[in-house]
Amino acid sequence: MKRLNTTFFALLLALLPMLAVAQQLDGEVVKPRAGKFLLQNATVVTITKGILNNTSVLVEDGKIKEVGTGISADGAEVIDCSGKFIYPGMIDGGTKLGLVEINSVQETVDHMELGNFTPNMQALTAVNPNSVAIPVTRVSGVTTVLSVPGGGLFPGTAALINLNGYTPDQMYAGFEGIVMNFPSSGRRGRFDRRSDEDIKKANEKSLKEAEALWENAKSYASLSANGAELEYYPEMEQFAKATTGELPLLIEVNTVSDIQGALKWLEDKDAKVIFTGVAEGWRVADEIAKAGIPVVTGPIQSLPTRESDRYDAPYANAGKMAKAGVKVAIRTNGQENVRNLPFFAAFAAAYGMGKEEAWKAVTINPAEIFGLADQYGSVEVGKVANLIVADGDPFETKTNIQHVFIDGYRMPLSNRQIRLYQEFLDRSPGLNMN
Amino acid sequence: MKKTTYFLAALLGLSIQFASAQVKKGSVLIKNATVLTITEGVLENSDVLVQDGTIKKVGQNLSAPNGVTTVDATGKYLMPGIIDAHSHLGLDVINEATSPIVAEVRMKDVVNPYDVGIYRALAGGVTISHAMHGSANVIGGQNATLKHRWGSTDPADIIMQDAPRTIKFALGENPTRVHGRGNGIQPRTRMGVEAILRNGFNEAVQYKKSWDEYNSASSQKNSSALPPVHNERLQILSDILEGKIIIHCHSYRADEIYMLINVARDFDITKLVFQHTNEGFKVAPEIAKYTMGASVFADWWAYKFEVYYSTAYNAAILTENGAITSINSDDAELIRHLYHEAAKTQRYGGMTDEQALAMITINPAKQLGISDKVGSIEEGKQADLVIFEGHPLSSYAVPQMTFVDGVKYFDIKEDADDQRLKVSPTEMVEPVTIADDHNDRCMQDTEHLFETTNSLFLLNQ
């Protein structure tokens, strides 16, 4: 008996630490969850095929399996969406999300490599899947972003990522593009105190450099295609893909003279081109439309580029380009506040673009511009199940985003900002300890 | 004779200055609006009559007195002019970064009425902004409260002369970076920041005491007492201790906020507003009990380490804990849509329309000490008003007209695109500036303290 007791206590002692551990792990973690989901009886804003009332969407194997009425719920988790709206997840066509954690702490800033010609720098390898900003972004209904390196003339290769997954490969959404910062004749902000002369000189020098690099890349590509054994030159190997059209060129260009300069620079080049930024696009919207170059523009909430400009020029820019026939997508160009993409779209809508076109600018247009319209940007059968369920218009701040699906995963609608709210709304202890 | 002429000329000069500070006041009848009074509910289909810059009557079926123009606001919303409790618009310089305490400098000496940002703020419905000194110093300069009377070229005309005095304080990374790391003097840490504050106030207590002693001695007959040497810096600190100046303190972390609350309590200071206050939510009960509240960003975070642990629910948590809460811009771009920033508190914390709108009207008015004059649509208040197409808390809202003292300074339909008041004769070609992240000017004019271009990153906020 005594011996049994001893054994019992020994066992108990051995178990105690385990119990203690169990107690320390207070609180529940909600993980992204894959499965078969039936989103029932919603108003489905498909973007490409109109607005469908009392319609259900079946999500299975990461895809939109069915869109319609009377879909069998067999084996699916049913989510009642009556009175609610289903939209495709929003796509931000240009961000530094995942590349920059805290802007002023350089150890956490990974979007700018040294050097002027570094197209082989891959944004995808530097994206931090566990960035605190990612779940903060997700709850706004933004499900996919382009993560873009910056810095020199050809700073690197941007990558489109879905905001779900623990490795870059899991997040990768299927588009890459080589970034070019077109030599700028404008000032880079209020800290830029170079003289007009210095800016002009730097501009001409950069253009010459870009031209030389392009010619070299063409030679590199043709030698390579002909089976020549080439020296190890990773920058040129990557850049050559822009000259053959294997990868598109994302050209950051903003002022009128630069936009026109870029159009001229491209005249003798056979490249797939996307313009980004395009702050003064409204001044030459017809020329951009004529060249057939699509645009990723933003941030919409920004100051006019010139003191003499009408105050709402940046709000109206996207709409004016769209009206001129340019295919327009909207970007935040942000990192921590990519969640504001829907509000940027609302401002563009209110200042001339209209809601329908603004919705396209954050869904199907970026999908088309990135060559992924068969997979993203609308609620259609066969597409990747990036979906949001909301109790109203997601562009309005009053609206609650109630479900977010990415790659068919039901995403947890929590993040550190929400957890801080839960902890501190009614703090304990409050003002006094007792 | 010559002396008299000079005297008269001086007098004339003075009177001209006073005359030019007589600001324009207007009269207008705004008809059939949905009136968001802020303090007295929402009035459907109502009229607001403004005479000589003052709200005379709020009601229905009002008629315009002779000579008063009528504006038809059917289907539109009317709200009080938006007030930004943290801005740097209309200032030539921001930071006097030469000492941890520079209480003697005054922003009213560097007001620049030509800043086109003032017009752009009006186009976003903002009629009053708190033009603040920067955040380089623990105790910065005295701020100016501006009324956006765009077009006046006399700085005195755009200063709200009947607003109380306010002063800028700053805690945390900015003052420790400028002085400790930049100049190798205290403060380098948050401990040093507290020491600067306590030393400064204790010196001011002694300064005041020496003046009190002199004043009581010199009132005696045949007194031979000599006055203490005047020290403007200590005089201002002494005015703070006497409750004559409202402190507006740049702050982020909960610990430093709590520290200043303790310092203020030790010196019996109650006129204290926290600015930015990203971690205010962690000490919301303390802020509510001991201060005039917090003026915060709707959603800015992560641009520097001290704002990494922020939450966009900050304003809601502060409000629910009873702290007076306002939403500010600190930015020439953000100031253009403060109505939208306020609306974000509905997404992040479910604030009601009334709570959200108060954060850009009556609450900042309270924090600037001007809530008896502006911040709501009430009879007798100054007629700073904005007409919106769409509810101002909708993301699609578009301001249509903005009035200050009953004078219309913004009209979306009538205004010319180019609103510059002067064109620079030295620039042949107008400069083109492409937006950078966070245009905040809190640390402007301190660039020379840092060597590398990489440190430009650090100069934001």
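These legends describe close-up views of a predicted model.

Local features are given at pLDDT of at least 70 and side-chain atom pairs at pLDDT 80 or more, while totals for chains, interfaces and linings use all residues. Residues are numbered from 1 along each chain as its sequence is written, and chains are lettered from A and ligands numbered from 1 in the order in which they are written.

**View 1. An open mixed sheet in chain B.** The sheet has 6 strands in the order β8-β10-β11-β12-β13-β14 (chain B). Strands are DSSP runs (E, at least two residues), numbered from the N terminus, and two strands pair if DSSP finds at least two bridges between them. β8 (139–142) and β14 (325–327) of chain B are the edge strands; each has a single partner strand, so one side of each lacks a neighbour in the sheet. On average, neighbouring strands are turned by 25° against each other, direction ignored.

**View 2. The pairing of β8(B) with β10(B).** β8(B) and β10 (residues 165–170) of chain B are antiparallel and share 2 bridges. Ile139(B) has Phe169(B) in β10(B) as its bridge partner.

**View 3. Helices α5(B) and α7(B).** The axes of α5 (residues 190–218) and α7 (residues 254–266) of chain B come within 11 Å and cross at roughly 20°. Axes are lines fitted to C-alpha atoms over the stretch in contact, with angles from 0 to 180 degrees between N-to-C directions. α5(B) is therefore roughly parallel to α7(B) (angles under 35 degrees). Contacting residues (C-beta atoms, placed from the backbone, within 7 Å) include Leu197(B) of α5(B) and Met259(B) of α7(B).

Key
Helix = DSSP H or I, 4+ residues; strand = E, 2+ residues; numbered from the N terminus. Parallel < 35°, antiparallel > 145°, perpendicular 65-115°, else oblique. Contact = placed C-beta atoms within 7 Å.
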